[in-house]
Amino acid sequence: MSTTQQSRPFAAVVFDMDGTLVDTEPVWDQVRRQLAEEDGVPWPEQATAAMMGMSTQEWSSYLSEQVGLRSDAEQSARRTIDALVARYEAGTMEVLPGAREAVALAASRGPVGIASSSPVVLIEAGMRLLGITEVVKAHVSTEQVGRGKPAPDGYLRCCELLQVDPSRCLALEDSSNGIRSALAAGMTTVAVPQPFHRPDDELLDRCAAVLDDLTGFDQALLERLAR
């Protein structure tokens, strides 16, 4: 193998959480729709896609101002988060296929981070569910940065905490806004789209790889992407 063909290891791997590691995207939607039903307001057709990747401040404002929940943004956030915490505590959240193994493989090669739109309490609940708390070296919620996805802020902050150059890092994402966020941060991006709300083909074509699920995240893929 020539020098130009030799693989260059990624400086770090940063995972999204919801829809990438844990099957929570449909649950988020169920919880929000239930709140709208409780408040007697119709669910706007575009609301589900619009809120994917938003920060807590952004989606809670959207629920109050665009969906029309009968609670202000802070109250709407608390109602939503409390319902999701209850789902974690009830043991009803499911780990997605290959998620634990993918994090373990990434951790065997370098630092691992998480950049998620979930609030910190839900990121940490997901890490406990996955059993990865000890191997994740940095986790960032978009509520801790200026803008949610598709802005790159969360990924950039996670790379900063890991002390790595984003252009030398790999990101794994499922949603359209998440993919745009990772690409905007300058990261090599792998899509693991979920049928719940699959990104369009034009966006997926911009990714370095598209996987059916994380069982496809293996040594061979890492070697190919690192070249």
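Modeller: Let's start with A11, which counts as buried because its relative accessibility is 15% (buried is under 20% relative accessible area, exposed over 50%, partly exposed in between, using a 1.4 Å probe and protein chains only). Before going on: this is a predicted model, where local features need pLDDT of at least 70, side-chain atom pairs count only at pLDDT 80 or more, and totals for chains, interfaces and linings use all residues. Residues are numbered from 1 along each chain as its sequence is written, and side-chain values use heavy atoms, with hydrogens and water left out.

Back to our spot. A11 sits in the segment before strand 1, residues 12–15 (strands are DSSP runs of E, at least two residues, and helices are runs of H or I, at least four, numbered from the N terminus). So who touches it? Setting aside neighbours within four places in sequence, A11 is in contact with P111, V164, R168 and C169, where contact means heavy atoms within 4.5 Å. Then there's C159: 148 residues away from A11 along the sequence, yet 9.5 Å away in space, C-alpha to C-alpha.

How confident is the predictor? pLDDT is its confidence in each residue, from 0 to 100. The protein's mean pLDDT is 93, with 97% of residues at 70 or more. Residues 1–5 are another story: pLDDT stays under 50 there, and the model gives them three contacts beyond four places in sequence.

Definitions and conventions:
pLDDT is the predictor's confidence in each residue, from 0 to 100.
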